[in-house]
Amino acid sequence: MIPVLLPTPENIRRAADALRQGNLVAMPTETVYGLAGDALNPQALAKIFSVKQRPFFDPLIVHIADRSWVEKLCDQLPPEAKILMDHFWPGPLTLVLPKQKLVPDLATSGLNTVAIRMPSHPVAQALLREANIPLAAPSANPFGRLSPTQADHVAADFSTGIDCILDGGPCVVGVESTVIGWINGEPTLLRAGGVPLEILEVTLKKPVAIHSHDSESSPQSPGNLPSHYAPRTKLVLIPPNPPEGGAPPWGVRGEREGLICFGNEPVLAGFAVVENLSTKGDFHEAATNLFAALHRLDASGLNVIYARLLPEIGLGRAMNDRLRKAAATL
Ligand code: TXA
Ligand code: MG
């Protein structure tokens with residue numbers, strides 16, 4: 001059993017000591033819980049990949065609490081990077097920037113860029129300051145599985161390899177950070193996340209390109225595999241406009257089925273469990289609930305989970321990305 005600890009000053013000191021000794025700590029962030037290790041220590045980085053069973057080609061995000069780390073870790077900042085840091089840090093935005101030599105190759109999977117973010121969660125900030133090192137932290141779930149938004153999600157997924165889990169309560173954003181990189185010199189969305197694309201465009205006063213992950217032989221954001229964030233139970237997307245007159249795919253006799261929906265749409269009959277992400281149609285509330293609802297449905301002994309996609313705007317884009325990946329099979 002991995003100890004789940006309240007983030008008292010004493011426990012934060014213990015966690016920081018473990019990190020400085022090259023061990024791993026699960027820490028709350030505002031997006032999802034992260035599996036943190038010393039970003040400058042290749043042994044600690046190797047432990048992250050091994051505990052998470054993550055392939056080495058999928059690089060990690062480096063977390064900092066202090067802007068002075070940017071120049072130590074990154075080089076040649078594009079002009080938009082400073083604007084984005086000023087507006088969205090600390091917060092759910094990751095920037096992929098040319099890396100300095102100090103960053104071990106293992107953190108970046110050999111790429112010449114490093115993904116960097118400053119989380120806003122007070123426990124993540126306190127831990128980063130106490131440890132006084134940048135922390136590499138992927139989401140604290142086994143590779144390809146549902147992301148954790150509560151300490152007990154992490155505790156259920158791992159039994160060894162982590163010194164402790166700091167319990168900072170449920171994550172308020174609920175989906176991972178937005179990842180922005182620069183392709184041909186232009187800011188480009190590599191992963192939809194907690195900061196909506198529209199808000200980035202208003203801030204930068206220009207369009208932000210959306211990177212298509214299908215068209216690349218050497219992916220710009222290697223972690224964007226089509227299947228990801230998956231529950232163990234089969235997940236099927238309900239098409240926005242089911243064909244007139246055709247039999248719906250759900251309601252199969254003898255099957256225990258669950259439904260994920262959003263807003264005040266009429267709930268389809270016949271589901272054993274229904275999770276409405278936000279009855280009032282609030283995107284923030286829905287994002288906060290998304291992974292917890294998937295975890296609960298996955299633990300309900302269902303044969304299949306159906307999900308309706310949300311409107312493809314604002315945080316809807318990030319939630320739809322997670323639902324599409326949860327529905328894809330390898
Ligand atoms: O909100 C978050 O970002 C959470 C919390 C814990 O901070 N972390 C997280 O990490 O979602 P992870 O490892 O699950 O996702 C990192 C994403 C992957 O899609 C990876 O491919 C991408 O960031 N990434 C990391 N380094 C990159 C790089 N140098 N170039 C392009 N993409 C990169
Ligand atoms: Mg992840």
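Lys206 counts as partly exposed, at 26% relative accessibility; on this scale buried is under 20% relative accessible area, exposed is over 50%, and partly exposed lies in between, with a 1.4 Å probe and protein chains only. Before I go on, the ground rules. This is a predicted model, where local features need pLDDT of at least 70 and side-chain atom pairs count only at pLDDT 80 or more, while totals for chains, interfaces and linings use all residues. Residues are numbered from 1 along each chain as its sequence is written, chains are lettered from A and ligands numbered from 1 in the order in which they are written, and side-chain values use heavy atoms, with hydrogens and water left out.

Back to Lys206. What does its side chain meet in a salt bridge? The partner is Glu80, at 2.8 Å, N to O. The pair ties together parts that are 126 residues apart in sequence, because Lys206 lies in the loop between α8 (197-204) and β11, and Glu80 in helix α4 (residues 79-88). Glu80, at 9% relative accessibility, counts as buried. By salt bridge I mean a side-chain nitrogen of Lys or Arg within 4 Å of a carboxyl oxygen of Asp or Glu.

Another one joins the side chains of Glu198 and Arg317, at 3.5 Å, N to O. Glu198 is in helix α8 and Arg317 in helix α10 (residues 315-327), so this pair ties together parts 119 residues apart in sequence. Glu198 is partly exposed, with a relative accessible area of 29%, whereas Arg317 is buried, at 17%. There is also a network: Glu176, Asp321, Arg322 and Lys325 are joined by salt bridges that share partners.

A local case is Asp17 and Arg20, whose side chains meet at 2.5 Å, N to O. Both lie in helix α1 (residues 9-20), three residues apart, which is about one turn of the helix. Asp17 counts as partly exposed at 35% relative accessibility, and Arg20 counts as partly exposed at 40%.

Next, the sheets. An open sheet of 11 strands runs in the order β1-β8-β2-β3-β7-β4-β6-β5-β9-β10-β11, with mixed pairing. Which strands stand at the edges? They are β1 and β11 (209-210), each with a single partner strand, so one side of each has no neighbour in the sheet. Two strands pair here if DSSP finds at least two bridges between them. β1 is joined by two bridges to strand β8 (residues 164-166), and the two run parallel. Val4 has Ile165 of β8 as its bridge partner.

Ile2 is buried, with a relative accessible area of 7%. From Ile2 to Ile165 is 163 residues in sequence, but 7.0 Å in space, C-alpha to C-alpha. Leaving out residues up to four places away in sequence, Ile2 touches residues including Phe158, Ile162 and Ile165; contact means heavy atoms within 4.5 Å.

Across this sheet, helix α6 (residues 122-131) lies over β2 (25-27), β4 (61-63), β7 (135-136) and β8, and runs at about 140° to β2. Axes are lines fitted to C-alpha atoms, for helices over the stretch in contact, and angles run from 0 to 180 degrees between N-to-C directions.

Elsewhere, strand β13 (residues 257-261) has five of its five residues buried. Glu257, Leu259 and Cys261 are on one side, Gly258 and Ile260 on the other. In a regular strand the side chains alternate between the two faces of the sheet. Four bridges join β13 to strand β15 (residues 304-308) in parallel, with Glu257 opposite Val304. β13 also pairs with strand β14 (residues 273-276), parallel and over four bridges, where Gly258 has Val273 as its bridge partner.

Last, the cores. A nonpolar core is a set of buried Ala, Val, Leu, Ile, Met, Phe, Trp, Tyr and Cys residues joined through side-chain atoms within 4.5 Å. The largest has 72 residues, and those with the most contacts inside it are Leu84, Trp89, Leu93, Leu95, Ile180 and Met319. Helix α9 (residues 283-298) gives the largest share of this core, eight residues. At least three residues come from each of domain 1 (4-210) and domain 2 (234-329); those domain bounds come from an automatic or database domain assignment. Apart from this core lies another, of 20 residues, among them Ile12, Met27, Val123 and Ile133.
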